[in-house]
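Have the viewer open as you read.

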Amino acid sequence: SNCGEKNVYGERDGGFRYHCLSCHSIHYENPKPTSTLICEHENKLLLVKRAVEPGKGLWGLPGGFIELNETPDQAAIRELKEETNLNGNVICQLGYTCHFNTIHGDVLLLAFLMEISDYSKMQAGDDADDVELFPLEKLPPLAFNSHEKILQMYLDYKDKTIISV
């Protein structure tokens, strides 16, 4: 605890949390936020093959953890560059979902639709073993259920956009 006393786990501030009976500090366990990206080009979706656990060797959406003093949009642009060597801009936020994994605990995925004007320098980097554009109708299984949810958010967004035009 902040005062050096041992924390206890129990009901406090509307939930069960670690807290100190001596100094009354509450130690919140918050999710780790990510920027997770949807990049479509000519009816194909950009996916990266994960080089690290969790999901090593599986295909997933590009993205990663938001760094300190970084906005979600900045993280989206940085992660795109790190994992795919591509430059892009955020068009909009599609939504969010949560995921729990045994390595990072609770993860909050913020989903962003990206615009990329030039795919010619696409190559895997950072924690990606490969990067590829897959036809939307022939996608491989995605590494995480949360990525499936984000893909569905995008497909719903795309349907609404087509209808409203």
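Two residues are said to touch, or be in contact, when they have heavy atoms within 4.5 Å of each other. Keep in mind that this is a predicted model.

With that in hand, pick out Leu47. Leaving aside residues up to four places away in sequence, Leu47 touches Trp59, Gly60, Leu61, Asp130, Val131, Glu132, Phe134, Leu139, Pro140 and Leu142. Leu47 also belongs to the largest nonpolar core, which has 18 residues. Among those with the most contacts inside that core are Leu47 itself, Ile38, Leu45, Leu61, Leu94, Leu113 and Ile150. Strands β6, β9 and β10 and helix α2 are the elements that give two or more residues to this core. Apart from it there is another core, this one of 17 residues, with Cys39, Leu110, Tyr119 and Val131 among them. In soluble globular proteins, nonpolar side chains tend to be buried together.

Now follow helix α2, residues 145-164, to His147. Is His147 buried or exposed? His147 counts as buried, because its relative accessibility is 5%, and the cut-off for buried is under 20%. Its contacts, again not counting residues up to four places away in sequence, are Thr36, Gly60, Leu61, Leu109 and Leu142.

The other helix to look at is α1, residues 72-84.

Asn89 is partly exposed, because its relative accessible area is 47%. Although Asn89 and Glu115 are 26 residues apart along the chain, their C-alpha atoms are separated by 5.3 Å. Glu115 is also one of the residues Asn89 touches, along with Ile77, Leu113 and Met114, not counting residues up to four places away in sequence.

Finally, come out to the surface. Phe16, in strand β2 (residues 15-19), counts as exposed because its relative accessibility is 54%. Together with Tyr9 and Tyr18, Phe16 makes a nonpolar surface patch of about 360 Å².

Notes: Residues numbered from 1 in each chain as written. Predicted model: local features only at pLDDT ≥ 70, side-chain atom pairs only at ≥ 80, totals over all residues. Heavy atoms only, no water. Patch = residues over 30% accessible without salt bridge, like charges linked within 9 Å, V, L, I, M, F, W, Y side chains within 5 Å. Areas by Shrake-Rupley, 256 points an atom, 1.4 Å probe, with all protein chains shown as cover. Salt bridge = Lys/Arg side-chain N within 4 Å of Asp/Glu carboxyl O. Helix = DSSP H or I, 4+ residues; strand = E, 2+ residues; numbered from the N terminus. Buried < 20%, exposed > 50% of the residue type's maximum accessible area, 1.4 Å probe, protein only. Expected span 1.5 Å × (residues − 1). Core = buried A, V, L, I, M, F, W, Y, C linked by side-chain atoms within 4.5 Å.
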